[in-house]
Amino acid sequence: MSKAVEFKNVCFSYIQNDDENYFLNNINLSIDENSYLALLGKNGSGKSTLIKLMFGIEKANKGEIKIFDMNINEKAYEIYKIASLVFQNPDDQIVADTIELDIAFTMENYSIPSKEMHKRIDEVLEIVELSNKRKDKVHSLSGGEKQRLCIASSLVLNPKILVLDEPTSMLDAENRMKVIEVLKKIHSMGTAIIIVTHHINEIEHCNEVVFMDNGSISFKGSSDEFVRALIKNDEFHKLNMPINFKLAYELYKNKNVLIDKDIFNYKKVCESLWKYV
Ligand SMILES: Nc1ncnc2c1ncn2[C@@H]1O[C@H](COP(=O)(O)OP(=O)(O)OP(=O)(O)O)[C@@H](O)[C@H]1O
């Protein structure tokens, strides 16, 4: 299986010529091409920094970063064809007045023929469920729709990996779910996904989790393993845990009952709780 992302012994500091106090110190990370990975961690733990390095927005002081076997420092143009980044705030990303022009922008940069461009705009709008808004002005969209437009624009070149930095942080629960449904669809079509998020329940849809703490990777494993780690280990409780995890943690600690498989099913979590109250 190909590696979508590989970090080898990567060190990075925001302070120039600082070779002693790296913020990211010796990061080794390997992400498979079929991964749907959640990147978690407290504020300031280094999640966005890792993403910026992945896209060459910041340069590593030491080590090597490869996207599908291509070095980010040598093959940036080729990498941007197969790797797309979606920012937290859609307004940082949207460049045109209308939806179709915004989606066309990247394709124009890569000189895609006009006929193909029109076809691709239809396809990506269908994926994000905005087909009926093709001719609309961007300013008429809701926050959730704008975020889905950014996802559509990031899909035009059919990327092999899509990276999203807190795409749901500005959205209400309903719009968050819509974005998640779109991401599930994109993953099922064969695109690797990395999503930075503070919403722990979003790991339900992921197959892998990376947890960052103060510039280091302190956990990498399957989402099932991470669920069990959250329930069993005190160390993660500095996070803002959702109520289902808090209840599961208390049940495990006080009654030695482990609710891991049903953790995302509130009814089942409550049923387990009722037995002990
Ligand atoms: N351009 C910059 N110059 C200097 N320091 C920076 C810069 N960008 C980020 N930092 C610092 O690097 C550290 C990690 O920041 P980063 O944005 O990667 O964290 P994060 O985990 O994404 O946080 P959040 O969840 O709040 O978005 C923080 O201490 C931050 O202040």
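Residues are numbered from 1 along each chain as its sequence is written. Because the model is predicted, local features need pLDDT of at least 70 and side-chain atom pairs count only at pLDDT 80 or more, while totals for chains, interfaces and linings use all residues.

Strands here are DSSP runs (E, at least two residues), as helices are (H or I, at least four), numbered from the N terminus; two strands pair if DSSP finds at least two bridges between them. Six bridges join E2 to strand E1 (residues 3-12), and Val-5 stands opposite Ile-31 in E2.

Next comes the ligand. Its surrounding residues (C-beta atom, placed from the backbone, within 6 Å) are Tyr-14, Phe-23, Gly-41, Asn-43, Gly-44, Ser-45, Gly-46, Lys-47, Ser-48 and Thr-49. Helix H1 contributes the most to this shell, with three residues.

Finally, the largest nonpolar core has 71 residues. Such a core is a set of buried Ala, Val, Leu, Ile, Met, Phe, Trp, Tyr and Cys residues joined through C-beta atoms within 7 Å, where buried means that 20 or more other C-beta atoms, placed from the backbone, lie within 10 Å of a residue's own. Those with the most contacts inside the core are Leu-37, Ala-152, Val-163, Ile-193 and Val-209.

Technical notes: Buried ≥ 20, exposed ≤ 12 C-beta atoms within 10 Å, placed from the backbone.
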